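Work through the exercises below with the sequence and the 3D structure at hand. Try each task before reading its solution.

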Amino acid sequence: MSSDLPSEAGPAKPASADQHAFQAEVSRLLHLMVHSVYTEKDIFLRELISNASDACDKLRYEAIAAPELMAEDQRLAITLSIDKAARHLAIADNGIGMTEAELVDNLGTIARSGTRAFLDRLSSEPQGTSSGLIGQFGVGFYSAFMVAERIEVVSHRAGSGAAFVWSSDGASGFTVRSATETETASLPRGTRVTLHLKPDTDAYLEPYEIERIVKTYSDHILFPVELVGESGERRQLNSASALWQRSKSEVAPEAYAEAYRGITHQVGEPALTVHYKAEGRQSYAVLLFVPGEPPFDLFDVERKGRVKLYVRRVFITDEAELLPSYLRFVRGVVDSEDVPLNISREMLQNNPQVAQIRKALTGRVLTELVTLADKEADRFAKVWDTFGAVLKEGIYEDFERRDQLLGLARFHSTGGAGLRSLKDYVAAMRPGQTEIYYLAGSNLERLKASPQLEAALARGVEVLLLSDHVDSFWTTRGLKFEEKSLKSLTQGEADLSAIPYLEGKSPEPPTGDTAALVAALKTALGEAVSDVRISNRLVASAACLVAPGAGPDLALERLLQQRDQGLGLKPVLEINAAHGLVTAVANSAAQGRSDDVRDLAGLLLDQARILDGELPPDPASFVERLNRFVARGLSSVAAG
Ligand code: ADP
Ligand code: MG
């Protein structure tokens, strides 16, 4: 048997093993794992090797400032060993190791923000779909409980004299105790994770199977991953070379896909791979991926990116924010030849070389996206579908690249199925049309049915339909594309009157005393609206709501209200003077029936709200009013 395995028959456990409970999120995740929503069990090994590799990275980084940490053993490696008889599989590293407190924190909680929200989503998904979702999460250490009925982690923090043992069955919490002397001596530095395999997992006791899994999932790991045989001989399973340092022509597509899965902890293929070497003022190698699936924390409030910075093959940090927030979905590696190795992570933020890399990298990623959009529209459409809502944040906040981002942007529109670019839109503008029109809201289907579209449709004018949250924000920037302003159809100012109606679509001009009608409605509605106007945008519907003036539109106001930050914007009620309901108001007003005017005015306003996806503020009186009129209509039918 290999000497790397902890001895079962060692001295009895000291009685002082402390019992700990898992954080609630961990318990939920473990429950999901054990009940195996996730079918790709093999990935547990990728996760444990990835942790071992991170631990080696961390030690190498700390050793830049404190070389003594590595003095005794300079060769960092990951060692796998199998004990068939005992049904043990062990993954050991001589990396940084964990203190007792770190064992409790790191293997009892989940630090990643957004985890709770993600778990909620996961539990609400129908069974079959969750395995894809959990793949986006990057399942981590706890995934080992898919295959192990008990896990023991012996860890010896580099530079400390003591080792500790964490142990758990993945259900009833975990214990942590001091390691025995033999255990401490057998692991002078780093961490050994020993899996007590479940009965139906014999494959993981087969060396060739372990080798296959390592080659599939962990070939890109930069440290040697070695399998120790029964007689102690070591065999390296991975190629342990930095893929990004090779030239493009040497890298097979499958090798990129494998590196992609390793770096992102996702399954599947990248949507776009960017691999190049920059030479000149600075030299660095770049390997970036646009993922095929959204990462679980895409809409996290922190908006953090995860591109890893290496300096001459040494991992430094994944928090250097090498790309702006609106490109946070891009994952991968930048390996610099010039950034000083001993720079502290805090100093990186202000380092001019890093700033220059950041700028060049951002430009390159956008250029690659533009090229994809030009050359392979379908593939780009998929990227936009997945990440467009994030890219649009850049229109709002990256002034310098705004035009480029507007050029990349794709939108749903009334112009048909599929996504439209602003270039497409401008090319299809109607004679007399000088502005780009859009309608923003939270739901695409509802937007398509909105009465605000009527006048535009009757004039053959295309309208962009914006249903991402972020749309309500970037559109407030007063933007232009090719000198054409973007205008919301719900803003009072949007004026289509210069654009001719399509044949046979022009509405009847309003007749009768419209001034008296408007005045009667204003009196009836009082403070509920800021104004009442005869509409030039309605053709079939009776009424709609628009925002007063050129300020924020109603979609933004509603979004802000949900966060209790409403601007107190009161809508304008626009009415279609040719509509039967509106002529009924005019008649009632002319005959002095003020109760009817009030009821009808209330109905008009509530209808307009409903069409905008809002509930009437007082649903009971809405229903009452409606019923009064319906009853009246029915009795006149009966009297008929
Ligand atoms: P992640 O790797 O995404 O942080 P994991 O669930 O895989 O999440 O691991 C949780 C934490 O446990 C790691 O962040 C790390 O601090 C610690 N850890 C796990 N394995 C090791 C190891 N082999 N050596 C040192 N620390 C480890
Ligand atoms: Mg991990």
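The exercises that follow concern a predicted model, and each task comes with a worked solution.

**Exercise 1. Overall form**

Task: State how many helices and strands the protein has, and set its radius of gyration beside the value for a compact globule of 640 residues.

Solution. 
Step 1. The secondary structure consists of 21 helices and 23 strands.
Step 2. Along the principal axes, the box filled by the C-alpha atoms is roughly 105 × 60 × 40 Å.

**Exercise 2. Burial, contacts and charge**

Task: Find what share of the residues is buried, what share of the contacts joins residues 24 or more positions apart, and how many side chains are positive and negative.

Solution. 
Step 1. Of the 640 residues, 51% count as buried.
Step 2. Take the contacts with a separation of 6 or more; residues 24 or more positions apart account for 72% of them.
Step 3. The accessible surface is about 28,500 Å², and carbon and sulfur atoms hold 52% of this surface.
Step 4. There are 69 positive and 88 negative side chains, and the centres of these two sets are 4 Å apart.

**Exercise 3. Two aromatic pairs**

Task: Classify the ring pair of Phe 141 and Trp 166, then the ring pair of Tyr 260 and Phe 289.

Solution. 
Step 1. Two quantities are needed, since a pair of aromatic rings is described by the distance of the centres and the angle of the planes.
Step 2. The protein has 13 aromatic pairs. In the pair of Phe 141 and Trp 166, the ring centres are 5.4 Å apart and the planes stand at 80°. Planes over 60 degrees apart count as edge-to-face, so this pair of Phe 141 and Trp 166 is edge-to-face.
Step 3. Phe 141 sits in the loop between α5 (130-137) and β4 (148-156) and Trp 166 in strand β5 (residues 163-168); the pair links distant parts of the chain, 25 residues apart.
Step 4. Phe 141 has 8% relative accessibility and counts as buried. Trp 166 is buried as well, at 0%.
Step 5. For Tyr 260 and Phe 289, the centres are 5.4 Å apart and the planes are at 70°, so this pair is edge-to-face.
Step 6. Tyr 260 belongs to helix α8 (residues 253-264) and Phe 289 to strand β11 (residues 284-290), and the two are 29 residues apart. Tyr 260 is buried at 0% relative accessible area, and Phe 289 is buried at 0%.
Step 7. Ring pairs also join Phe 22, Phe 141, Tyr 142, Trp 166 and Phe 174 into a cluster.

**Exercise 4. Buried or partly exposed?**

Task: Decide whether Gln 245, Arg 459 and Val 597 are buried or partly exposed, and list their contacts beyond four places in sequence.

Solution. 
Step 1. The cut-off for buried is under 20% relative accessible area, and partly exposed lies between this value and 50%.
Step 2. Gln 245 lies in the loop between β9 (234-236) and α8. Its relative accessibility is 21%, so Gln 245 is partly exposed. The contacts of Gln 245 are Lys 277, Ala 285, Arg 313, Asp 335 and Glu 337. Gln 245 and Arg 313 are 68 residues apart in sequence, and their C-alpha atoms are 9.2 Å apart.
Step 3. Arg 459 is in the loop between α15 (454-458) and β18 (463-466). At 4% relative accessibility, Arg 459 is buried. Its contacts are Arg 430, Leu 496, Ser 497, Ile 499, Pro 500, Tyr 501, Leu 502 and Asn 536.
Step 4. Val 597 is part of helix α20 (residues 594-611). With 7% relative accessible area, Val 597 is buried. Val 597 touches Ala 520, Ala 524, Val 585, Ser 588 and Ala 589.

Key:
Residues are numbered from 1 along each chain as its sequence is written. Chains are lettered from A and ligands numbered from 1 in the order in which they are written. Side-chain values use heavy atoms; hydrogens and water are left out. Helices (H or I, at least four residues) and strands (E, at least two) are DSSP runs, numbered from the N terminus. The radius of gyration is taken over C-alpha atoms; the globule rule is 2.2 Å times the number of residues to the power 0.38. Buried means under 20% relative accessible area, exposed over 50%, partly exposed in between (1.4 Å probe, protein chains only). Contact means heavy atoms within 4.5 Å. Accessible areas come from the Shrake-Rupley method with a 1.4 Å probe; for residues, only the protein chains shown count as cover. Lys and Arg count as positive and Asp and Glu as negative; His and the chain ends are not counted. The place of a charge is taken as NZ of Lys, CZ of Arg, CG of Asp or CD of Glu. Rings of Phe, Tyr and Trp (its six-membered ring) pair if their centres lie within 6.5 Å; planes under 30 degrees apart count as stacked, over 60 as edge-to-face and the rest as tilted.
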